[in-house]
Amino acid sequence: MKKALDLKFMKYAIDLAVLGLGKTSPNPAVGAVIVKKGKIIGEGYHRHAGSPHAEAIALRRAGADTHGSDLYVTLEPCCHFGKTPPCCDAIIKSGIKKVIVGTRDPNPLVNGKGIKVLKMHGIEVVEGILENECKNINLAYNKWIISGIPYVIVKAAISMDGKIGMKSGESKWITNEQCRNYVHRLRSLNDAILIGSRTACLDNPRLTVRFNGETSLKPAVILDEKLSLEPKSNLFKRKPGSLIVATTSKAPLSKIRFFEKHGHIVLLCRATSNGYVFLPHLMEKLGTMGITSLLVEGGAEVFSDFLQRNLVDRMVVCIAPKVIGANGQEWLPFLCKKRLKDAISLRNVETKIFGDNVVIEGSVIRR
């Protein structure tokens with residue numbers, strides 16, 4: 001019976017944590033539930049970086065009735081000062097007798113230390129309830145806090161024969177509206193969206209997030225080796241700070257100053273032998289900026305480069321029941337694997353149906 005209750009309340013904490021996804025970066029999404037005599041007396045989730053943590057919100061909502069209660073939290077409580085005080089201190093003062101932790105925080109400032117502090121003050125700690133589910137909430141944060149680089153998702157919309165559009169550049173629309181709505185949900189869950197300069201030129205996108213009846217902006221990252229993006233383009237008109245242009249030393253200094261004068265962020269990256277932005281260097285720079293997750297939306301050269309360099313953590317492929325043929329643009333023209341056993345494979349594969357479109361997604365298996 002106790003195990004069933006633990007699963008029930010942790011599942012509820014997970015549902016709370018998910019409400020913060022896409023909004024808390026570079027902090028993790030966390031949910032917390034306080035239970036006394038089998039009833040929830042307080043709950044909370046982390047809403048955005050700098051705001052109170054899930055535990056603090058749950059404690060505030062529980063009021064003065066927390067003595068002898070149990071706390072269910074998806075991630076190990078913090079024990080250090082950041083933008084907010086340590087959650088461990090508040091838990092200890094509250095009189096909570098038991099803390100059930102979904103998973104440890106991989107942040108070196110915490111990682112086991114929060115649990116140790118709680119135990120030192122006589123609080124019982126139980127670990128590992130729905131641990132995998134709790135870890136999966138923060139895949140991007142977990143990678144970024146350890147490696148310093150973003151979690152990368154490649155999203156492609158393709159025909160049945162693997163085309164992302166016509167060779168002329170025409171690509172609207174391969175997938176249906178339902179599938180495109182799902183893509184906007186993906187945008188809402190990630191810190192930034194990346195495309196290449198050719199896609200920016202041909203499609204002239206806004207890269208807005210249209211989800212739940214609202215339109216918002218996530219940072220847009222453009223790979224533009226020569227700063228060729230036109231001032232009349234929709235992306236150039238973005239509000240200051242929401243456009244990040246990754247370029248190389250080939251970009252004229254006058255253009256760099258022009259972009260920066262208009263409030264855009266220019267990242268000068270190392271170049272590859274053929275003059276393109278060296279993606280590993282860009283990932284380091286984005287990680288330093290606190291970008292924990294990156295949704296890569298094209299085009300063909302960009303997809304190929306990310307996959308060839310083993311930088312992709314997850315793939316989302318939206319497939320429409322269309323066949324384009326020889327005049328179509330291959331979606332991975334520069335990805336070259338010599339043997340079938342070297343093919344990129346996915347695990348934990350999921351499929352979704354949106355009308356006549358199929359979405360296949362999963363985590364890339366590291367070799």
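Predicted model: local features only at pLDDT ≥ 70, side-chain atom pairs only at ≥ 80, totals over all residues.

Reader: Great. How many strands form the open sheet, and in what order?

Author: There are 9 strands, running S13-S12-S11-S8-S14-S6-S15-S18-S17, and their pairing is mixed. On average, neighbouring strands in this sheet are turned by 20° against each other, ignoring direction.

Reader: Which strands stand at the edges?

Author: Those are S13 (265-268) and S17 (346-354). Each has a single partner strand, so one side of each is left without a neighbour in the sheet.

Reader: And S6 and S14, in what sense do they pair?

Author: S6 (residues 151-158) and S14 (residues 293-296) pair in the parallel sense, over 4 bridges. Within that pairing, Ile 153 is opposite Leu 295 in S14.

Reader: Let's hop to S18. Is it mostly covered or mostly open?

Author: Mostly covered: S18 (residues 357-364) has 6 of its 8 residues buried. On one side, S15 (residues 314-319) pairs with S18 in the antiparallel sense over 6 bridges, and Val 316 has Glu 361 as its bridge partner. S17 also pairs with S18 in the antiparallel sense, over 7 bridges, with Thr 351 opposite Ile 360.

Reader: What do S17 and S18 form together?

Author: A hairpin, with 2 residues between the strands. Gly 355 sits in the turn and has a positive phi of about 65°.

Reader: You mentioned Glu 361. Which residue does it form a salt bridge with?

Author: With Lys 352; their closest N and O atoms are 3.0 Å apart. Glu 361 is buried because its relative accessibility is 4%, under the 20% cut-off. Lys 352, at 22%, counts as partly exposed. Salt bridges with shared partners join Arg 314, Glu 350, Lys 352 and Glu 361 into one network.

Reader: Nice! How many salt bridges does the count come to?

Author: The count comes to 15. One of them joins the side chains of Lys 36 and Asp 65, at 3.0 Å from N to O. That pair links distant parts of the chain, 29 residues apart: Lys 36 is in strand S1, and Asp 65 is in the loop between H2 and S3.

Reader: What about Arg 366 and Asp 313?

Author: Their side chains meet in a salt bridge too, at 2.7 Å from N to O. Arg 366 lies in the segment after S18 and Asp 313 in the loop between H11 and S15, 53 residues apart. Arg 366 is partly exposed at 37% relative accessible area, while Asp 313 is buried at 12%.

Technical notes
Residues numbered from 1 in each chain as written. Heavy atoms only, no water. Pairing = 2+ DSSP bridges. Axes fitted to C-alpha atoms, helices over the stretch in contact; angles between N-to-C directions. Buried < 20%, exposed > 50% of the residue type's maximum accessible area, 1.4 Å probe, protein only. Salt bridge = Lys/Arg side-chain N within 4 Å of Asp/Glu carboxyl O.
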